[in-house]
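Subject: Structure handover

Hello,

Here is the structure for your files. My notes on it follow below.

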Amino acid sequence: MSGKRGGSRESRHGARRGVTSVLPSQGAAVQRLPWSREGPAAMALPAPLPARGFELAPSPVPSPVPVPPSRELHVSGSAELSAGPDRARVSVRLGSRKGAAGAARSSVSRRLEYIAHSARHRGVPEENMTVTEDFSRLENTYQMEAEVSIIFSDFGKMQNVCNLLTEKLGTSVTISPPHFYHTPEAVDALRRQVCVTAVANTRQKAQEVCRLLGQSLGKPLLIREEETKEWEGHTDSHQVNSPDSLTLQERIQNATAYASCRVFAVFEIKGKETRRKKLL
């Protein structure tokens, strides 16, 4: 009796220690753990459910909006301008030859002072006059030579000074023909002006073409300077006279600077303007 009771007690305790029942949820897979004993009462845990991921639907890519082809007007234009000289240089030479050095110097100094006074009195600034002197001895005499270079910006005043010196000093002075030329500022101004005029002519031509077609001229898309030329005097003129026999006007004409410019431009063409917009 005691043996049976002991066995039944051990079996009961063994059942309590080795068996733990867990009810799995429906549809879950049963996995046998390594520490469980064999038998119908072995403990089993449900396998984890597979994770579910969330995917975002890609945003729709907008289709490109078709760009209408731009309407352009290609046109070229040119201009040619001239500019007369803005400066003239006149040289006045004089000299004296005396037996005494002081007498030679004094004769030249008096005439130099008169020349400078005449030029200053007619508006020529002091910095536009340059005086060079040369003193030498020839045998038993002394020779004094001088040259006054005067730059004029007013050709009318230049003629007045030259006429006055010829009248008052006569053959004691030698006045060279005027040399006409351009200052760098005048040349740069001519280059800029001919380029601006060529662009203005090109735009005017484009406006006339658009007006003829009933369109409106838009903004410029491209302006390119293609060719520039510069020359002095008339290339097709042939002077038969010597340079010393030219008149004052012929000298000015020969010293006149010419410049030409050709440009290429692209303008936008707008639609036809409404009548109301034209009135405004």
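**Salt bridges**

R87 forms a salt bridge with D86, and their closest N and O atoms are 3.7 Å apart. The term is used here for a side-chain nitrogen of Lys or Arg within 4 Å of a carboxyl oxygen of Asp or Glu. By this rule the count comes to nine salt bridges. R87 is partly exposed, with a relative accessible area of 27%; buried means under 20%, exposed over 50%, and partly exposed in between (1.4 Å probe, protein chains only).

Before going on, the basis: this is a predicted model, in which local features need pLDDT of at least 70 and side-chain atom pairs count only at pLDDT 80 or more, while totals for chains, interfaces and linings use all residues. Residues are numbered from 1 along each chain as its sequence is written, and side-chain values use heavy atoms, with hydrogens and water left out.

Another of the salt bridges pairs E113 with R120, at 3.6 Å between the closest N and O atoms. R120 has a relative accessible area of 35% and is partly exposed. E230 and R191 also form a salt bridge, with the closest N and O atoms 2.5 Å apart. Because E230 lies in strand β9 and R191 in helix α4, this pair ties together parts that are 39 residues apart in sequence. Both partners are partly exposed: E230 at 47% relative accessibility and R191 at 41%.

**Overall makeup**

The protein has six helices and ten strands, taken as DSSP runs numbered from the N terminus (helices H or I, at least four residues; strands E, at least two). Of its 280 residues, 27% count as buried. Taking contact as heavy atoms within 4.5 Å, residues 24 or more positions apart account for 75% of the contacts with a separation of 6 or more. The accessible surface comes to about 20,300 Å², and 53% of it belongs to carbon and sulfur atoms; areas come from the Shrake-Rupley method with a 1.4 Å probe, and for residues only the protein chains shown count as cover.

Helix α2 (residues 101–121) has 21 residues and reaches 30 Å from its first C-alpha to its last, close to the 30 Å expected at 1.5 Å a residue. The expected span is 1.5 Å times one less than the number of residues. The buried residues of α2 fall within an arc of 160 degrees when seen down its axis, so they line one face of the helix; the arc is that of the directions from the helix axis to the C-beta atoms. Among these buried residues are A104, V108, L112 and I115, whereas R110 and H121 on the other side are exposed. The buried residues pack against β4, β5, β6, α3 and β7.

M129 is found in strand β5 and counts as buried at 11% relative accessibility. The residues that M129 touches, not counting those up to four places away in sequence, include A116, A119 and R120.

**Helix α4**

Helix α4 has 29 residues and reaches 43 Å from first C-alpha to last, close to the expected 42 Å. Its buried residues, including L190, V194 and C210, pack against β3, β9 and β10. Just after α4, G214 takes a positive phi of about 75 degrees.

Regards
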